[in-house]
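Grab a pencil and work through the exercises below. Each one comes with a solution that goes step by step.

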Amino acid sequence: MPLCNNKVADDGSSAQPLHEGKAMVDSLIKVVACYRHLASCVGGCTDNSSLRRDLRQTRERAQMLALSCRNHLTARLRDKTLPETERKETELLWVAFSSSLELLHADMCKVFTMVKHFSLAKNSAMVQTGIQGGTTEVAARALSLPDLQEAGDGSQTSSMEGQEQSQLEQEIAQVDRTLEDMELKVNVLRWTVEALGPQHADPVSTDSASLALLSIDEEAAQGFCSRSQMFAVMTLCGVAIFAVVLSVCVVFLV
């Protein structure tokens, strides 16, 4: 299901709340992560018609979510009455959304290339990766479905595979155009967006903890130095005793 370039209002106010955008972006991230997992199995020992079906359904779901996210976030970022705090949070969501869409585009290109080399219709030899189990349950969880029903008898002909490849190629081109269109509609510079929230904050270190670490390092260094000094003294004593014994032996022998 290719993305559609729906027109979004240039200004005005956005009636959709921010938490809806967060929920949509989180769902998109989960589905894109599932698609990446499925894409890594193409050409492996778990590659079959069920995997190709799961890839198609997951890709369609991701594109539907991407369309909703784009319309929602674009409307909010073009809202001139949006408060500054909400604008910053919306920009964070926009960066997460655009990054997820880029990952989806890269994985779609990967699947398109891998399917050409590992054809199910031509019974191509698959790589024995050692992975076991199916991928249907993973896709069902990502799509929030109880189960994925397999259509047909599971066989795939060359014509069906060619149609899917053609459709995938069109969807890749559409996602590519969508990414370019997003840059034109909303000019959000990623390197200017700062992460917010405790989950992105640096770990806090207290002065007492730093002093404790320094004292431990100093004690370890002092212990190493004392051991080195003892070893040097023992070595010198051994050399001196050996020299004395050697001198006595020389005197008695002469």
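This is a predicted model: local features need pLDDT of at least 70, side-chain atom pairs count only at pLDDT 80 or more; totals for chains, interfaces and linings use all residues.

**Exercise 1.** Work out how H1 and H3 are oriented to each other, and with which handedness they cross.

Step 1: start with the axes, which are lines fitted to C-alpha atoms, for helices over the stretch in contact, with angles running from 0 to 180 degrees between N-to-C directions. Those of H1 and H3 come within 9 Å and cross at roughly 20°. The helices themselves are DSSP runs (H or I, at least four residues; strands are E, at least two), numbered from the N terminus.

Step 2: apply the classes: under 35 degrees is roughly parallel, over 145 roughly antiparallel, 65 to 115 roughly perpendicular, and the rest oblique. H1 and H3 are therefore roughly parallel to each other.

Step 3: the handedness of the H1 and H3 crossing is left-handed (the near helix is turned anticlockwise from the far one by less than a right angle; clockwise would be right-handed).

Step 4: look at who touches whom, with contact meaning heavy atoms within 4.5 Å. Val25, Leu28 and Tyr35 are among the H1 residues that meet H3, whose side includes Leu93, Phe97 and Val111.

Residues are numbered from 1 along each chain as its sequence is written, and side-chain values use heavy atoms, with hydrogens and water left out.

**Exercise 2.** Check the length of H1 against its expected span.

Step 1: H1 covers residues 18-39, which is 22 residues.

**Exercise 3.** Now classify the pairs H1 with H2 and H3 with H5.

Step 1: the axes of H1 and H2 (residues 49-77) come within 9 Å and cross at roughly 155°, so this pair is roughly antiparallel. The H1 and H2 crossing is left-handed, and the contact residues comprise 16 nonpolar, 5 polar and 5 charged.

Step 2: for H3 (residues 84-117) and H5 (residues 158-185), the axes come within 10 Å and cross at roughly 155°. H3 and H5 are therefore roughly antiparallel too, and H3 passes H5 in a left-handed crossing. That contact has 13 nonpolar, 4 polar and 6 charged residues.

**Exercise 4.** Is valine 111 buried or exposed, and what does it touch?

Step 1: valine 111 sits in H3 and has a relative accessible area of 3%, so it is buried (under 20% relative accessible area; exposed is over 50%, partly exposed in between; 1.4 Å probe, protein chains only).

Step 2: beyond its neighbours within four places in sequence, valine 111 contacts Tyr35, Ala39, Val42, Leu55 and Leu168. The C-alpha atoms of valine 111 and alanine 39 are 5.9 Å apart, although 72 residues separate them along the chain.

Technical notes: Ala, Val, Leu, Ile, Met, Phe, Trp, Tyr, Cys and Pro count as nonpolar, Asp, Glu, Lys and Arg as charged, and the others, Gly among them, as polar. The expected span of a helix is 1.5 Å times one less than its number of residues.
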